[in-house]
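Work through the exercises below with the sequence and the model side by side.

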Amino acid sequence: MAWGLLFFGSLYLGFGAAMWFVTRKLLPALGIGRVLDPRPVRAGQLREELTQSGVSVLIFGLGMVFPWGLLQLGWAKFAVDPSGWRIAAEIVVLAIWNDVHFWINHRLLHTRPLRRFHGPHHRSMVCTPFSTYSFHPIEAAMLGNVILPPMVVHDFSFWALASVPVFSLFFNAIGHANYDFFTRVSYSHWFAASRRHHLHHACHSGNYGFQFTFMDRLFGTRLAGDAADVQLATFRARQQRMDTAAASSHAPLA
Ligand SMILES: [Zn+2]
Ligand SMILES: [Zn+2]
C-alpha cells in the first residue's frame, strides 16, 4: 500500500507538472496548438484540485489491498513468463476496457442519485492538468476498481495491469489540459480527446467517454463540437467590452 501511495502520488504530480509545462510554456512558445477555454480558473481552484487529488491518491494507494487480496485468495493470478506480444495485446484490451468502465461509471455519476459525488470534479469548469484525480472519495473508489473485473476473468501479466494507471493518467492529463494539441484533426479523432473532455466540463453533460468515442457513439451521448461556442463567445464579448472600457477610462482627455 505504501508503494501504491508513492506510485499514484508521483504519477499524479509528475504528469500534472509535465503537462502544465508543455501546455503553458513549451507548445505556446513553439506556436503549436491552442488554449481551449479562455476563461480564467476559479480562485483557489488549484489548491482544491491538489487537496482532493491527495485524498484520491490515498484511496488508490490503500485500494491496492483489493488486487492483492484477489491474488492471495487465489481468485486471480498473474501470467507466468508472458511474451512481449502478449503484454502488448493485454494492454490494448485493458485500454478498451478502461474506456467502457469509465463511460459506465461516469454516466452513473451523472444520474440524480450519484451526481453529488461527481460535483467536486465538476467544480473545475475550466480544467487544469491537476484536475485529473480531483474526485469525491466515492468517485475515486468507483473509478479505482478498474482492474479488478479483468483480473478475475483472465490471468493478465503484471506489467499489463501496472500499465493501466500509467496510460490512464497520461490520457487523463491530456483530457484535462485545456489545450488542443492537434488543431487540424477532426473532433472525433482519437487525438482530439482534450476538445471533447473540455466540452464535457463546459457543458456539464455528454461526452462521457475517456480517450475513445465508441461508447458515446453507441449510446448517443456525444456533444456537438460547437456545444460551448455560445458561452465562450459571451465570455469573449464581455472581456472585450471590459478591455474597451478600461482603455477609454485611461485615455487622456482631449
Ligand atoms: Zn462528468
Ligand atoms: Zn474531467
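**Exercise 1. Describe the chain as a whole, including the confidence of the prediction.**

Step 1. The chain has 11 helices and 2 strands, which follow one another in the pattern α-β-α-α-α-α-α-α-α-β-α-α-α.
Step 2. Along the principal axes, the C-alpha atoms fill a box of roughly 85 × 40 × 35 Å, and 43% of the 254 residues count as buried.
Step 3. The average pLDDT, which is the predictor's confidence in each residue on a scale from 0 to 100, is 92 for the chain, and 98% of the residues score at least 70.
Step 4. Confidence is highest in α4, at 97, and lowest in helix α11 (residues 229–249), at a mean of 84.

**Exercise 2. Which residues coordinate the zinc ion (ligand 1), and which parts of the chain do His118 and His200 tie together?**

Step 1. The donors, meaning N, O and S atoms within 2.8 Å of the metal (3.2 Å for Na, K and Ca), with water not among the atoms so that sites may look incomplete, are the NE2 atoms of His106, His110, His118, His122 and His200, at 2.0 to 2.2 Å.
Step 2. Their spacing in sequence is H-x3-H-x7-H-x3-H-x77-H.
Step 3. Because His118 lies in the loop between α4 (84–109) and α5 (119–122) and His200 in helix α9 (residues 193–203), the pair ties together parts that are 82 residues apart in sequence.
Step 4. His118 is buried, with a relative accessible area of 2%, and His200 is buried as well, at 0%.

**Exercise 3. Which residues are the protein donors of the zinc ion (ligand 2), and what arrangement do the donor atoms form?**

Step 1. The protein donors are His121, His176, His197 and His201, each through NE2, lying 2.0 to 2.1 Å from the zinc ion (ligand 2).
Step 2. The 4 donor atoms subtend angles of 90 to 162 degrees, so the arrangement is irregular. Four donors count as tetrahedral if all angles lie between 85 and 135 degrees; four count as square planar and six as octahedral if opposite donors are over 155 degrees apart and all others between 65 and 115, and anything else is irregular.
Step 3. Along the chain, these donors follow the spacing H-x54-H-x20-H-x3-H.
Step 4. Since His121 lies in helix α5 and His201 in helix α9, this pair ties together parts that are 80 residues apart in sequence; both His121 and His201 are buried.
Step 5. The zinc ion (ligand 2) and the zinc ion (ligand 1) are separated by 5.9 Å.

**Exercise 4. At what angle do helix α1 and helix α2 pack, and at what angle do α2 and helix α6 pack?**

Step 1. Axes are lines fitted to C-alpha atoms, for helices over the stretch in contact, and angles run from 0 to 180 degrees between N-to-C directions.
Step 2. Helix α1 (residues 2–30) packs against helix α2 (residues 45–62) at about 150 degrees, with the axes 7 Å apart, which makes the two roughly antiparallel.
Step 3. For α2 and helix α6 (residues 137–144) the angle is about 40 degrees and the axes are 9 Å apart, and α2 and α6 are therefore oblique to each other. Angles under 35 degrees count as roughly parallel, over 145 as roughly antiparallel, 65 to 115 as roughly perpendicular and the rest as oblique.

Methods
Residues numbered from 1 in each chain as written. Chains lettered and ligands numbered in written order. Predicted model: local features only at pLDDT ≥ 70, side-chain atom pairs only at ≥ 80, totals over all residues. Heavy atoms only, no water. Helix = DSSP H or I, 4+ residues; strand = E, 2+ residues; numbered from the N terminus. Buried < 20%, exposed > 50% of the residue type's maximum accessible area, 1.4 Å probe, protein only.
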